[in-house]
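This briefing sets out the fold of the model below, followed by two individual residues. Please read it alongside the sequence and the coordinates.

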Amino acid sequence: MTANNAGLLRFALVCGALLALLAVMAGAFGAHSLRGVIGERGLEVFQTAVTYQIYHSLALILVAILPVAGLSRHLLGIAAGFFVAGILLFSGSLYLLVLTDMRWLGPVTPVGGVSFMVGWILVAVAGLRR
C-alpha cells in the first residue's frame, strides 16, 4: 500500500468516526432543541439529514477497512471522497435549509445524493474487480 493510499484510508476512518459523532450530536440537538422551534416538516427534514449522515459516516469507516479483504484501495479512496462530498452536500444542505430557511440550497441536496450513489457504485466496482 502506498503512503498516499494509506493516508487517504486513514483519513476516511477518522473522518467517518468524527462525522458519526457529529451526526449523533445533530440528532440530539434536533430532538431536544428544535422541537417547538421548527415545524414537524422541518424536524423530519433534519432527521433525514442525520440519518444519511450516520449511514455514510459508517460507509467511510467501511471503505477504510475493506482493503483488508483485498479490495482496491484506490477505488475505495475515491468512494470515500464521494461519501464525504455527499455528507457535506446532502446532509449539510438539509441542515442549513432547516436552520436558515435558505431556499436556494434545495438544488444542492440532489448533488449530494448523486455523490452517495457514485460512492456506492465505486464500492461495488471495487468488490467486482477483486
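A residue is called buried under 20% relative accessible area, exposed over 50%, and partly exposed in between, using a 1.4 Å probe and protein chains only. The model is predicted: local features need pLDDT of at least 70, side-chain atom pairs count only at pLDDT 80 or more, and totals for chains, interfaces and linings use all residues. Residues are numbered from 1 along each chain as its sequence is written, and side-chain values use heavy atoms, with hydrogens and water left out.

**Overall fold**
- The protein has four helices and zero strands, in the order α-α-α-α from the N terminus; helices (H or I, at least four residues) and strands (E, at least two) are DSSP runs, numbered from the N terminus.
- The C-alpha trace spans about 50 × 25 × 20 Å along its principal axes.

**Surface and burial**
- Of the 130 residues in the protein, 43% are buried.
- The accessible surface comes to about 7,200 Å², with 71% of it belonging to carbon and sulfur atoms; such areas come from the Shrake-Rupley method with a 1.4 Å probe, and for residues only the protein chains shown count as cover.

**Asp101**
- Asp101 sits in the loop between helix H3 (73-100) and helix H4 (108-128).
- Although Asp101 is not a glycine, its phi is positive, at about 60°.
- Asp101 is partly exposed, its relative accessible area being 47%.

**Ser115**
- Ser115 belongs to helix H4 and is buried, with a relative accessible area of 8%.
- Beyond its neighbours within four places in sequence, Ser115 is in contact with Phe82, Ala85, Gly86 and Leu89, where contact means heavy atoms within 4.5 Å.
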